Amino acid sequence: MATIFEQESRTFSEYLLVPNLTTEKNTPDQVDLSAPICKYRKGQEESKLKINIPVVSAVMQAVSDDGMAIALARCGGMSFIFQSQSVESQCEMIRKVKKYKAGIVASDSNVSPDATLEDILKLREEKEHGTVAVTEDGTAEGKLLGLVTTRDYRVSRMSLDEKVSTFMTPIEKLVTAPEGTTLKVANDIIWDNKINQLPIIDKDGRLVGLVFRKDYEFHKANPYELLDADKKLIVGAGINTRDYEERVPALIEAGADALCLDSSDGFSVWQEKALKWIKSNYPDVIVGAGNVVDAEGFKFLADCGADFIKIGIGGGSICITREQKGIGCGQASAVLAVSEARDKYFKETGIYIPLCSDGGIVHDYHMALALAMGADFMMLGRYFARFDESPTRKLLVGGTYVKEYWGEGSNRARNWQRYDDGGKGGKMAFEEGVDSYVPYAGKLKDNLDTSLAKVKATMCSCGSSSVEEFQQKARLVVVSSTSIIEGGAHDVIQKESDRTAR
Ligand code: IMP
């Protein structure tokens, strides 16, 4: 007869944290949110890779490209670039992140001198910033002829077909610096000349990159930036159980710092084969596996050599796996069950395997709950899809700005490798995800700062200064359906109707 679990499966919103004593030590500035990404002998050594804030962005087309990876690593987190694309294009994204020098950026808005004011306005809307490089061939590496910034044109007084060459600031009037200029010197030049951007050019006058004043300010305000030993941003990559023999070596060569098997159900021999192949060919490469929702799934992947393990089936905002296949588990119960198994594994082996709670984070307080329940870090899709930095289009729908967000199991993504059933493969028999919009929410950093401020405040209320301490001290209570109503504003007429941002 089938096994029926005694406990029903629950989700984050069914729990609250009960505060512990808050002491002088428990102020937000003293909270350490860093998290290990790779298994280690806790108490004897450090994890060989740590992130500075406990969030990673989902292995999804609508979330994690090079732009998101750069923005998130600059804030201290890490992206896993989506694998439902060719090996070449995924590696190209990894290379772009690794090439990104905080401070010297490749120009992403470029035109040739024959372009028109209309082209400039289109680029501005698309890229959402105002600096366009004018190069001989219109590429980011072409010979620099000038710059166009918002100060160079006035739409009300000019015709849309006016040529860029007539209104750009020509190279003769620009302050530039030669290739090899250090960031410090570049910032001094910006400061001394009271300019907002400085083009760096090589000996033939070709554009190498741009240094922006605002980036310097950002850098100063972001002590958490996630950098490798060569001061390059850290980035991860999704992989699948089909083409790993080709994809993994290419990703390693491109510079990926960690890999993650991307699958809706990780309790499978396909993951075992992939993990064993990677570990025997590349023993030093960090590779996470998943997703699982219980102790058996955890133990299986731990024994197969996974460096971190991802938890969650069916909880994602765009996910319809539970409706389609009837498999899954409430996210809170899954995190609690897997954490218990992880702690047992640590007691038995001395090896601590970091856990990632993947999917289903709706409110900011869910982040604190996931950590309290034993996750070391979280993977989020919907959350990041809402920001400027996600790769999808921003649209105006019914008077509200939205961004597109689609599941990897939707017909739009057709990520059949993620939904691998071990058959001949190459197609998806049915959808496990939807194509949707999410409310546009602005800049990643602004939102992340607020979300993490809430996590830190919760940890302080629970008398904790680190994630580990929080996990040990957390006391959780299941809330009744009526007390959930009590938890929101109630019995008042609210002035603001939009409560989704909380
Ligand atoms: P979210 O943060 O709630 O939006 O969940 C994101 C997570 O949902 C991802 O990290 C994946 O684990 C999962 N996911 C992505 N695409 C699909 C899909 O099409 N169906 C089911 N789950 C998905």
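Let me start with Leu198, which is found in strand E11, the strand covering residues 197–201. Before I go on, please keep in mind that what we are looking at is a predicted model. Is Leu198 buried or exposed? A residue counts as buried when 20 or more other C-beta atoms lie within 10 Å of its own, and because Leu198 has 22 C-beta neighbours inside 10 Å, it counts as buried. If we leave aside residues up to four places away in sequence, Leu198 touches Val175, Thr176, Ala177, Ala186, Ile189, Ile190, Leu210 and Val211.

Now let us turn to helix H1, residues 66–75. Seven of the 10 residues of H1 are buried, so this helix is largely enclosed by the rest of the structure. Those buried residues are Asp66, Met68, Ala69, Ala71, Leu72, Ala73 and Arg74. What covers the buried residues of H1? The cover includes strand E4 (55–57) and strand E5 (78–81), together with helix H2 (87–99), helix H13 and helix H14 (444–461).

Next I would like to look at how some of the helices pack. Two packed helices are described by the angle between their axes and the distance between the axes. For H1 and H14, the angle is about 40° and the axes are 10 Å apart. Angles under 35 degrees would count as roughly parallel, and H1 and H14 are therefore oblique to each other. The crossing in which H1 passes H14 is right-handed. On the H1 side the residues that meet the other helix are Ala71, Leu72 and Cys75, and on the H14 side they are Leu444, Lys445 and Leu448. Sorted by class, this contact between H1 and H14 has five nonpolar residues, no polar ones and one charged one.

H14 also packs with helix H12, residues 364–372, where the axes come within 8 Å and cross at roughly 50°. H12 and H14 are therefore oblique to each other, and their crossing is right-handed. From H12 the contact takes Asp364, Tyr365, Met367 and Ala368, while H14 supplies Ser451, Lys454, Val455, Thr458 and Met459. The residues of this contact between H12 and H14 divide into five nonpolar, two polar and two charged.

The next pair is H2 and helix H7, residues 244–254, whose axes come within 9 Å and cross at roughly 20°. That angle makes H2 roughly parallel to H7, and the crossing of H2 and H7 is right-handed. The residues making the contact are Val87, Gln90, Cys91, Ile94 and Arg95 of H2, along with Glu246, Arg247, Ala250, Leu251 and Ala254 of H7. By class, the contact of H2 with H7 has six nonpolar residues, one polar and three charged.

Let me finish with the ligand. How many residues surround the ligand, and which are the closest? There are 24 residues around the ligand, and the closest are Gly316, Gly381, Gly407, Gly409 and Gly433. The elements that give two or more residues to this shell are strand E18 (377–380) and helix H13 (382–385). The residues of the shell around the ligand divide into eight nonpolar, 12 polar and four charged. As you look at H13 on the screen, recall that this helix is also among the elements covering the buried residues of H1.

Conventions
Residues are numbered from 1 along each chain as its sequence is written. This is a predicted model: local features need pLDDT of at least 70, side-chain atom pairs count only at pLDDT 80 or more; totals for chains, interfaces and linings use all residues. A residue is near a molecule or strand if its C-beta atom, placed from the backbone, lies within 6 Å of it. Helices (H or I, at least four residues) and strands (E, at least two) are DSSP runs, numbered from the N terminus. Ala, Val, Leu, Ile, Met, Phe, Trp, Tyr, Cys and Pro count as nonpolar, Asp, Glu, Lys and Arg as charged, and the others, Gly among them, as polar. A residue is buried if 20 or more other C-beta atoms lie within 10 Å of its own, exposed if 12 or fewer, and partly exposed in between; C-beta atoms are placed from the backbone. Two residues are in contact if their C-beta atoms, placed from the backbone, lie within 7 Å. Axes are lines fitted to C-alpha atoms, for helices over the stretch in contact, and angles run from 0 to 180 degrees between N-to-C directions. Angles under 35 degrees count as roughly parallel, over 145 as roughly antiparallel, 65 to 115 as roughly perpendicular and the rest as oblique. A crossing is left-handed if the near helix is turned anticlockwise from the far one by less than a right angle, and right-handed if clockwise.
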